[in-house]
Structures are given as structure tokens and as C-alpha cells.
Number of protein chains: 2
Amino acid sequence: MSDDERLPQPAPAEIDLVTVLHALGDPVRMRLLTSYADGAEHSCDPRHLGLEHLHKSTVSHHMRVLREAGVTTTRVAGRNRYVSLRRADLDARFPGLLDALLAATVAPEH
Amino acid sequence: MSDDERLPQPAPAEIDLVTVLHALGDPVRMRLLTSYADGAEHSCDPRHLGLEHLHKSTVSHHMRVLREAGVTTTRVAGRNRYVSLRRADLDARFPGLLDALLAATVAPEH
DNA sequence: CGGATTGGTGGATGATTGTCAAACCGTCCC
DNA sequence: GGGACGGTTTGACAATCATCCACCAATCCG
């Protein structure tokens, strides 16, 4: 599985904070982030992500934004793509940021 | 000075994470955030903020976005407006987020 | 092979956004 | 009163963006 290809993504040092924030400043992509928070790999099927109301090409677009911002990585295996969080890279570059973000999303008090 | 008026801003419980991230997903507004990180009040003059290249109405627009997202508060005193971070409100609602963001902006290694 | 599955590409469209310029508004002060 | 000062509002414009749709590409399987 380590010889699978990965879709283009920025090197760890190239991950830009403003770009990451811009990527996460969207409800759909924030939703994806919380789905990826378990650290597991996820397919791209909108139905597996609570995004049934969105066209698959729209979801594809959002996943590209996340990947190009350096938030996620995509492994290609056959006709499937497995998306997962770049937690180590993000934690190294922006210590505490991911934890704070994920903690904030599960405090929906209002 | 405590009887000065404040420009409209969301209540602490109404501050939305995605809205905050969207507000900070812009280089100019992120620059403003770092300027406000000292906790002090700042005037709106672009020349005091390293934004000499921007029109004052543009800066005014960015400050409005930050305020309406709940990131900053603006006190009106005579013909001056004093902008400052809503650090307590943000820390209460999104613990660790502001610290992580500000720490990340001062690690420009590459 | 041929069909089904998984997902991406490209175009179109309407909405949002960043910027500037000009006009405006309240306040301070001469 | 009448400038000058600090900032906001409005309008315009180009760029970006989120979304859908139709089509395409690669892979797997019978």
C-alpha cells in the first residue's frame, strides 16, 4: 500500500497558515475535517460523509481545496481514493491548531 | 471611557468557528490579527498597521469583517475608533485556538 | 469484451469578495 | 461657522468561488 500514488500536495514546509484557514473557512470543508478527525482513511463518496445534498463533483472540488492547502492527503488505490488528515505535518507546523479546531467543533453549545 | 459606544458585534455565544476561520483566511486580516495580538487598542489608520499600500476604505472593510465575525471589538470615542482583540471571548469559546494561530504566525521558517 | 463502479474534468452560472474612488458624516478646534 | 481629521458608506469592477451538469477516465469484474 505504500507504493500507491498520492495526489499532488504541498510539502510540509510549504503549508501556509492563511491558505489553511481559507480552506477551513467553509462549512462543507469544515464538515469534512471533522469526518477526517478520526485519523482514518475515507472514500470520496458524499454519502459516506453526510453530504448527500451535494453533487459529487462539488465534493471533489472541496477535497481538492483541502488537499492543495495541505490539510489532507489522498492515496490512490485502483479506482478508489483514500483521503486522510495530515495530522503530523499540521501539528509540526502549527502546534495546537488542529487540536483547538477539532475541540471547538464538538462544543456546539448555543 | 467605559461609557463609549461599541460598534455592532456578535454576542460571545454567537461567534461561529467557520465564520472566524473565513475571516482569518485572508492575508490582510491575518496581518491585522497579529497587530492586535498585543492586546492593546489600535486606531484604524492603515499607516499604523503596515498597510500603507491599501486604501483606507479597504482597511475599513477588513476591520468590519473581523468585527462581525467576533474577532475584534471597536470602541468609538469621538472621531476615533479603537480596535482590539476579543481575546477573552475567543479563548472561552475556542480554547487554545488564538494561541495556536498567533504562535503559528511567528514561525515563518522555510 | 462490456458494463458497472469510483471519481475527476471542464464549462456555465450566480454569488461573494477585495479593491479603489468619491462622496459622506460626526467630531474636534480655530 | 467652517475647515480639518478619522473613518464609513456606496458604487463599480474584476477576480474568486461554490454549485450543478454533462461528459470523461481508469479500474474492476463477470
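I began by noting how elements are assigned: helices (H or I, at least four residues) and strands (E, at least two) are DSSP runs, numbered from the N terminus. I also wrote down that this is a predicted model, in which local features need pLDDT of at least 70 and side-chain atom pairs count only at pLDDT 80 or more, while totals for chains, interfaces and linings use all residues. Residues are numbered from 1 along each chain as its sequence is written, and chains are lettered from A, with ligands numbered from 1, in the order in which they are written.

**Chain A**

I looked up the secondary structure of chain A and found five helices and three strands, which follow one another from the N terminus as β-α-α-α-β-β-α-α. The radius of gyration of chain A, taken over C-alpha atoms, is 14 Å, close to the 13 Å of the globule rule (2.2 Å times the number of residues to the power 0.38) for 110 residues, so chain A is as compact as a globular protein of that length. The C-alpha trace of chain A spans about 40 × 35 × 20 Å along its principal axes.

**Where the chains touch**

I then turned to the contact, counting two residues as in contact if their C-beta atoms, placed from the backbone, lie within 7 Å. Chain B brings 21 residues to it and chain A brings 21 residues. On the side of chain B that touches chain A, the elements giving two or more residues are α1 (17–24), α2 (27–36) and α5 (97–105) of chain B, and α5(B) gives the most, with seven residues.
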